[in-house]
Amino acid sequence: MILGLLMPTAMVFGLARIGSGLSDRQSLLFIISGSAVFAAASEGVMAVAQIVGLMRENGMIVYYAALPISKASFTMAMSLSRFLTILPGLLTPVIVGRLLYDIDVEVSLWLLLILPLTSLSLAGLGVSLGFLLPNMDLINLITNLIVFVLLLGAPVLIPPEALPEAIRVIGFAFPPTYAAEAIRLVLDGEIGRVLYRDIGILTAFMVFFYSLVLRSFGWRLKGGA
């Protein structure tokens with residue numbers, strides 16, 4: 001939670017001061033929304049995958065599988081616990097951005113839908129990687145690489161028009177693209193078809209990742225692996 005509070009705060013403070021300063025409203029909205037998605041990606045993908053990997057290595061998955069709970073309950077409990085941990089990091093950039101730069105943003109009830117969707121879709125990816133990758137070294141390597149690509153290969157902190165065409169197209173396959181855009185639209189007060197599309201796509205990503213976990217990976221894993 002400390003990392004989730006400090007990193008988005010540092011990003012909102014520092015990124016707006018690159019070069020001659022990025023103080024226009026559009027740049028600040030990208031920085032605020034991108035910092036929130038960074039917190040969700042680092043905690044939801046990297047941390048969740050590492051926790052699942054450690055539980056596998058320590059035999060805890062076998063322990064939970066022996067209890068009268070389903071894999072769906074276990075997976076959702078993992079994801080919801082991470083959401084509570086991630087939540088301060090999702091809200092901090094909005095609060096800090098308003099205090100530092102006096103930017104007028106709309107804080108509406110739509111955030112109560114978008115923030116959980118962002119967290120749960122990325123946590124679903126993290127759980128999938130934790131089950132799929134065979135050891136902690138590979139989990140650490142792949143999740144760090146994925147978070148780096150998700151944030152710099154998708155229009156999260158960088159406007160889509162500033163990205164090369166090929167990278168911009170690939171970015172539309174990443175859930176952070178739609179999460180960051182949805183947060184920006186809500187903060188900008190633009191509630192409409194684009195926002196509804198982003199919410200639908202985030203929901204589809206979330207369903208896909210959790211379906212992958214529930215259908216593809218055994219609940220009782222051989223030797224705790």
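**Figure 1. Surroundings of Ile32 in the predicted model.** Leaving aside neighbours within four places in sequence, Ile32 is in contact with Val12, Pro93, Val94, Gly97, Ile103 and Leu187. The model shown here and in the other views is predicted, not experimental. Ile32 belongs to helix 2, which covers residues 25-57. Its relative accessible area is 2%, under the 20% limit, so Ile32 counts as buried. One of its contacts, Val94, is 62 residues away in sequence, yet the C-alpha atoms of Ile32 and Val94 are 6.0 Å apart in space. Another contact, Leu187, is among the buried residues of helix 8.

Figure 2. Helix 8 runs over residues 175-187 and has 13 residues. From its first C-alpha to its last it reaches 19 Å, close to the 18 Å expected at 1.5 Å a residue. The helix is mostly covered, with 12 of its 13 residues buried. The buried residues are Pro175, Pro176, Thr177, Tyr178, Ala179, Ala180, Ala182, Ile183, Arg184, Leu185, Val186 and Leu187. Glu181, also in helix 8, is partly exposed, with a relative accessible area of 23%. Just after the helix, Gly189 takes a positive phi of about 75°.

**Figure 3. Arg184 and the ring of Phe30.** Arg184 lies over the face of Phe30, at 3.8 Å from the ring centre. Arg184 is one of the buried residues of helix 8.

**Figure 4. The salt bridges around Arg197.** A search of the whole structure finds two salt bridges. Side chains of opposite charge can pair when their charged atoms come close. Through shared partners, the salt bridges join Glu181, Arg197 and Asp198 into one network. The accessibility of these residues is as follows: Glu181 is partly exposed at 23%, Arg197 is partly exposed at 39%, and Asp198 is buried at 0%.

**Figure 5. Aromatic rings, with Phe205 and Phe209.** The structure holds five aromatic pairs. In the pair formed by Phe205 and Phe209, the ring centres are 6.0 Å apart and the planes stand at 20°, so the pair is stacked. The cut-off for stacking is planes under 30 degrees apart. Phe205 and Phe209 are four residues apart in helix 9, which covers residues 193-216, and so they are separated by about one helical turn. Both residues are buried. Ring pairs also link Phe205 and Phe209 with Phe172, Tyr178 and Phe208 into a cluster. Of these, Tyr178 is listed among the buried residues of helix 8.

**Figure 6. Ser119 in helix 5.** Ser119 has its place in helix 5, which spans residues 111-132. The relative accessible area of Ser119 is 0%, and the residue is therefore buried. Apart from neighbours within four places in sequence, Ser119 is in contact with Phe83 and Ile86.

Key: Residues are numbered from 1 along each chain as its sequence is written. This is a predicted model: local features need pLDDT of at least 70, side-chain atom pairs count only at pLDDT 80 or more; totals for chains, interfaces and linings use all residues. Side-chain values use heavy atoms; hydrogens and water are left out. Rings of Phe, Tyr and Trp (its six-membered ring) pair if their centres lie within 6.5 Å; planes under 30 degrees apart count as stacked, over 60 as edge-to-face and the rest as tilted. Helices (H or I, at least four residues) and strands (E, at least two) are DSSP runs, numbered from the N terminus. Buried means under 20% relative accessible area, exposed over 50%, partly exposed in between (1.4 Å probe, protein chains only). A charge sits over a ring if NZ of Lys or CZ of Arg is within 6 Å of the ring centre and within 35 degrees of the ring normal. Contact means heavy atoms within 4.5 Å. The expected span of a helix is 1.5 Å times one less than its number of residues. A salt bridge is a side-chain nitrogen of Lys or Arg within 4 Å of a carboxyl oxygen of Asp or Glu.
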